[in-house]
Amino acid sequence: MTLKEKALFAVDALEGLYPEAICSLDHEGDPYKLLVMAVLSAQCTDARVNAVSVPLFEKYPTPDLMAASPEGELEGLIRSVGLYNSKAKNLRLACRRLTDEYGGKVPSDMKDLLSLGGVGRKVANLIRGDLYGLGGIVADTHCMRISLRLGLSPKKDPLVTEKALSALIPIEKQSDFCHRLVLFGRDICTARSPKCTLCPLKGVCPSAEA
Ligand code: SF4
């Protein structure tokens, strides 16, 4: 079996296991909301980000309003997500740039996205894949761990994993596959004690435990 065949086998198997591949951030298809929520989600649970986001977007429904938020007010609203001072600073910078350079719209180009405060490749790929249909490998901890175990990526490194999977998985499948990897990584291929006997990939996985 080639690497590509193995990757497609994994795509199909996870599609069967998790027919619904939904983003766990409640962004309602709004790129501005997804960008803000993805920045907030660093070292925080998605459930906490979803809860904080309801009053946050009531207060700042558009990037220009968030960019102009008074010192301390935005910080107060996002305090419970942790690292709130640096996240507030990045969000103001990103929203200022969105307003001044992009007419309040979130760009789809990778370089443009990376020019926004707090936006790295993981967030940029999430936005490009989920909302713009451009594909994107979101190389989070589950994606990196499982790709390494399966032998789809040679290294547990975000850029190496992103590039390896991008070359193996069709663009239109990338985004959903990454959402499914999160569910799979929580349920079966967990960081400690993966449940290999229950795993639909055990026949093709070099790390499968007997
Ligand atoms: S066989 Fe085990 S290590 Fe391999 S993907 Fe499945 S759960 Fe993970």
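What distance separates the centres of domain 1 and domain 2, taken over C-alpha atoms? The centres lie 27 Å apart. The model is a predicted one, in which local features need pLDDT of at least 70 and side-chain atom pairs count only at pLDDT 80 or more, while totals for chains, interfaces and linings use all residues. Residues are numbered from 1 along each chain as its sequence is written, and side-chain values use heavy atoms, with hydrogens and water left out.

Domain 1 covers 3-22 + 135-204 and domain 2 covers 31-131, with bounds from an automatic or database domain assignment. In the contact between them (heavy atoms within 4.5 Å), domain 1 takes part with 11 residues and domain 2 with eight. The size of an interface is often given as the accessible area lost when the parts come together. Here, about 730 Å² is buried between domain 1 and domain 2, and carbon and sulfur atoms give 47% of that area; the value is the accessible area (1.4 Å probe) lost by two parts on being put together, summed over both. On the side of domain 1, the residues that lose the most area to domain 2 are G135, V138 and E162, together 47% of what that side buries.

Turning to aromatic rings, the whole structure holds one aromatic pair. The ring centres of Y32 and F57 are 5.5 Å apart and their planes stand at 70 degrees, so the pair is edge-to-face. Rings of Phe, Tyr and Trp (its six-membered ring) pair if their centres lie within 6.5 Å, and planes under 30 degrees apart count as stacked, over 60 as edge-to-face and the rest as tilted.
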